[in-house]
Amino acid sequence: MDLRFTPEEIAFRDEVRAFFKASVPEVVRRKMRESRSLAKEDLVAWQRILHKRGWATPHWPVEWGGTGWSPTQQYLFMDEMQQAPAPPPLQFGVNMLGPVLIAFGNEKQKRHFLPRIANIDDWWCQGFSEPGSGSDLASLRTSARRDGDHYVVNGQKTWTTLAQYADWIFCLVRTNTQAKKQEGISFLLIDMKSKGVTVRPIVTIDGGREINEVFFDDVRVPVENLVGEENKGWDYAKFLLGNERVGIARVGVSKERIRRLKQLAALERDGDRPMIEDERFRERIAQVEVELKALEMTQLRVVAAERNRKDKRPDPASSILKIKGSEIQQAVTELALELVGPYAMPAPEEPDEFSNEPPIGPDWAGTVAPTYFNWRKTSIYGGSNEIQKNIIAKAILGL
Amino acid sequence: MDFDLSEEQQLLKDSLGRLLADRGSFEQRQKHQSEADGWSRALWARYAELGLLGLPFEERHGGLGAGPVETMVAMEAFGRALALEPYLAAVVLGGGLIRHAGSEAQKSALVPRIADGSLILAFAHGERQARYELADVATTAKKDGTGWALDGEKGVVLHGDSADKLIVSARVSGKRRDREGIGLFLVDSNASGVTRRGYPTADGLRAAEIGFSSVKLSADAALGGPGHALPAIERVVDEAIAALAAESVGVMAVMHEMTVEYLKTRKQFGTTIGSFQVLQHRAVDMLVALEQARSMAMFATMMASEEDAAERQKAMAAAKVQIGRSGKLVGQQAIQLHGGIGMTNEYKVGHYFKRMTMIDTLFGPAEHHLSRLARTDGLVEA
Ligand SMILES: Cc1cc2nc3c(=O)[nH]c(=O)nc-3n(C[C@H](O)[C@H](O)[C@H](O)COP(=O)(O)OP(=O)(O)OC[C@H]3O[C@@H](n4cnc5c(N)ncnc54)[C@H](O)[C@@H]3O)c2cc1C
C-alpha cells in the first residue's frame, strides 16, 4: 500500500492543471465560482476547447476518441477540472449516451453520433423519469408502437435537464406491455425537432430554468434510432445509471466551494474580526473538510479497485460516493448561507446574469440562498439517497 | 398551568383561519405578490377589520390590549398561509417600538392609524457591517437647530419599500458598537434625503435598502429619549423572535402535513411510498422536530413579556436555536420526500421551505443564538 501519487501521476496532474489555468474562458470560470448558471454558448465553447485538446471524452475507448488514461489519471483530470473550476463536458452525451452507444450501439450509430457528442454538435438530454415513474423507473409508461419502419411514441417525460437546449433526447420507452415491467423497455434516440415533441419549462424553487417536461404526441421515430435490441433497454439503462454515479461524488467541486467559502469568510466581518476567526464557524468548516477528505480517499479506493474489476458492472460502493458527495455539497451551501448573514435575503430579479446595477450587500451574496435551495436536488436526482441506501443494503449487505 | 386558548383567542384563531383559507390561498398569494406593494392591501384591510392590526396596543391608545398569546395565534396562522403582508414589520416591530419607546402623545397619534391599517411602519435598523449585533449602529443623528439631521445606510429593512414611515435607529453619541448612544427616530419615507431600493426577498416577501442623507427631522421625531434606545430595541426584537417562532410553527406544520399526505398518495414500486418504513421514520422525525419547535414557540410567547432582560434574551436565543434546527430538518425532509416535485416553484412546499430558511436567517440563525446562549449561564442552573 502506497497512497501517494507516483511522480508520473503528479506530472500528469500538473499538466492538466496548467491546461485548465490557461484554457478555461474567464467568463466560464467566473460564473462557476459565483454559482451562476452557464449559458448554452458557454458550455458549448468550453467543451469544444476541451475537444480540440483531445480531452472531451477521456474515458471513451481510444478508437472512439478516448485518451487511454488510467483510472487514476481519469480521476486527477476530473478533480482538476472541478477545482479549476470548469464544467464537465455535457454529461448526457459524454458520460451517459456515449458509453451506451459504444457498448450497445451499432456501427452506424457510433460513427454518426459519437463524434458529434464529443464536439457537442448535438445537445443531448436524458428522457428517463416520468411523472409516475421516478425512483421506480421501470414502471415507465411512455409507449413506442412499431408501425412499419417507425416507432410511434406517445407519453411524457419530466425533470428533463436542459431539454430547452436539446437537439436530441435518449428515452426509455415501453415497447412491450405484456412482459414483466423491466423486460418491455427499449432505448430510443429521438430528434427533438420531430413533429409532436413539446417542451414545457419547469421553474425550480431557486427561480432557475434547468428542468422541463417533454411531451410526445404521435412522434414518428425511425427504427434505426433504436439502440441495441428491442426490449433490452433496461439493461442499457442500468449500465448508464451506474456510470452516472461514478462521477457524482464531485469531490473537486466541494474542494473548490470550500476554498471559496474560506476566502469569503476572510472578507466577511462580524464586528471587528473576519468570520474566519470565529472559532465555531471554523470548526464547522473543518468538520466538512474531514468528511471530504474521507470521501476523497473512498473515491480513490473505488478508482484503484476499478483496475482489478473483471465485470463491467458498477461498483455498489459508488452509491456511497453519491450519498456522501451530495451531503457534503449541501453542507457547504448551508455554511455559505450562514456566512452571508442577513444578505442571504435579497433576491433581486435575474440573479443569473451579470448586471450593471450595484449588488445588494456583498457582491457574492445574490446566489447564496438560491444555491442552497437548488442543491437540495443533489440528494434527489441520479437515484435519490434513499434509493442509494436500498442499493447498498441489498447489494453490499445482502439484506 | 394552562396550554389551552381562551374562548376569545380561539375565536381569533378561527376567524383568521377562515379569512386566510378564503383569501390567502397559494394561488391568491401569487397574485398578491404581483401587486404594487408585493402584498395585498385588501387583505390588510380585512386584518384591520378583524382587529389584528391593533392587537398588542393598549386600549386607551386605540388598541385591543391583547398580549403575546394573541400575537402567537395570528403569527401561526400567517405561517400556515405563508402570508406576504407586513405584520411583522408594521405591527410587531414598528408597533412594538412605539409601545416600548414612544411618548404618550406619539402612541395616541400613531396607534389608531396602525390599527386601522392606514399607517404602515417599518423598522430601519440593520446595517451592512452589523450582521446580527443590535448595538452596531453607524447611522448618525446630529443635533441640527432644535431638531436632528440623519445620515447613514440601512439594509434589508423588512417591507421598507411600502412603509409610510420608518423607525430609524441612529447614533447620537459614542462609538459604533457602544450600547449607549442609540436613538430611534420616526421618519417619513418620502422625506427629502431618503432613498429606497426595494426588492423581493428569497421567500417572496419584500425588503429595501434605505439611505439617509442629511435628512432633517424635527425634535418630536425622536421616539423616547435619544441615546438610550437599545433596551427597547432588544425588547422589540425579542418580541419579534417570539412572533417568528409562532410563524415558523405554522410553516413547519404545513410542510409536515403536505409531506404525510404525499407519502399516503404517491405510489412507486406498486405501493404508496408511505409504506416504506424508512420514510415513515423520517416523517416521525419531522413530527418530533415540529412539536419541539411548537413547545419552544409557546415558551417564547410566555417569555416575551418577561421584564428581566437577561432571562428573556436567553429564552429567545433558545427558541431561535430550536426553530432554526427544527425548521431545517422539516424543510429539507419535506423537499426530499417529495422528490422532484418538491424542487419546483409551481408546488407549494418549496415556498414554505424558503420562508422557513429566511425565518432562520432573520435576527440571526440557530448557530448564532447557540453561541449567544452558550455565553450565558444557560437554561439549567449549574
Ligand atoms: C433538478 C433535477 C434534475 C433532474 N434531471 C433529470 C433528467 O435530466 N432526466 C431524467 O430522466 N430525470 C431527471 N431527474 C429526475 C430524478 O431522477 C428523479 O427526481 C428521481 O429519480 C426521484 O424520482 P421522483 O422525483 O419521482 O421521486 P419519487 O420516486 O416519487 O420519490 C419520492 C420520495 O420517496 C423516496 N422513495 C421512493 N422509493 C423509495 C423506496 N423504495 N425506499 C425508500 N424511499 C423511497 C425517494 O427517495 C423520495 O424521497 C431530475 C430531478 C431533479 C430534481
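Predicted model: local features only at pLDDT ≥ 70, side-chain atom pairs only at ≥ 80, totals over all residues.
## A hairpin in chain A

The strands themselves cover residues 143–147 for β2 and 150–157 for β3; they run antiparallel and are joined by five bridges. To pick out one pair, Ser143(A) has Asn154(A) in β3(A) as its bridge partner.

β3(A) has another neighbor to talk about. Seven bridges tie β3(A) to strand β7 of chain A (residues 211–222), again in the antiparallel sense. Here, His150(A) sits opposite Pro222(A) in β7(A).

## A hairpin in chain B

Over in chain B, strands β6 (residues 194–200) and β7 (residues 206–217) pair up antiparallel, with seven bridges between them. Tyr199(B) finds its bridge partner in β7(B) at Ala207(B). This hairpin has five residues between the strands, and Gly204(B) takes a positive phi near 85°.

## Where the chains meet

Now for the contact between the two chains. Chain A brings 54 residues to it and chain B brings 47 residues. Together they bury about 4200 Å², with carbon and sulfur atoms giving 57% of that area. On the chain A side, the trio to look at is Ile205(A), Met345(A) and Glu386(A): they supply 18% of the area that chain A buries against chain B, more than any other three residues.

## The ligand site

The ligand has 31 residues around it, and the closest are Ser135(A), Thr161(A), Ser384(A), Arg266(B) and Gly340(B). Because the surrounding residues come from chains A and B, the site is shared between chains. Sorted by type, the shell splits into 14 nonpolar, 13 polar and four charged residues.

From chain B, a polar backbone atom of Gly340(B) lies 2.7 Å from a ligand oxygen, while a polar side-chain atom of Gln268(B) is 3.5 Å from an oxygen atom of the ligand. As for cover, the ligand alone would expose 970 Å², and the protein buries 95% of that. The elements giving two or more residues to the shell are α12 (385–396) of chain A, plus α8 (277–303) and α9 (309–338) of chain B. α12(A) gives the most, with three residues.

Terms used
Residues numbered from 1 in each chain as written. Chains lettered and ligands numbered in written order. Heavy atoms only, no water. Near = heavy atom within 4 Å. Polar contact = N/O pair within 3.5 Å; in protein donor to acceptor, adjacent residues only side chain to side chain. Areas by Shrake-Rupley, 256 points an atom, 1.4 Å probe, with all protein chains shown as cover. Helix = DSSP H or I, 4+ residues; strand = E, 2+ residues; numbered from the N terminus. Nonpolar A, V, L, I, M, F, W, Y, C, P; charged D, E, K, R; others polar. Pairing = 2+ DSSP bridges. Contact = heavy atoms within 4.5 Å. Buried area = accessible area lost by both parts, 1.4 Å probe.
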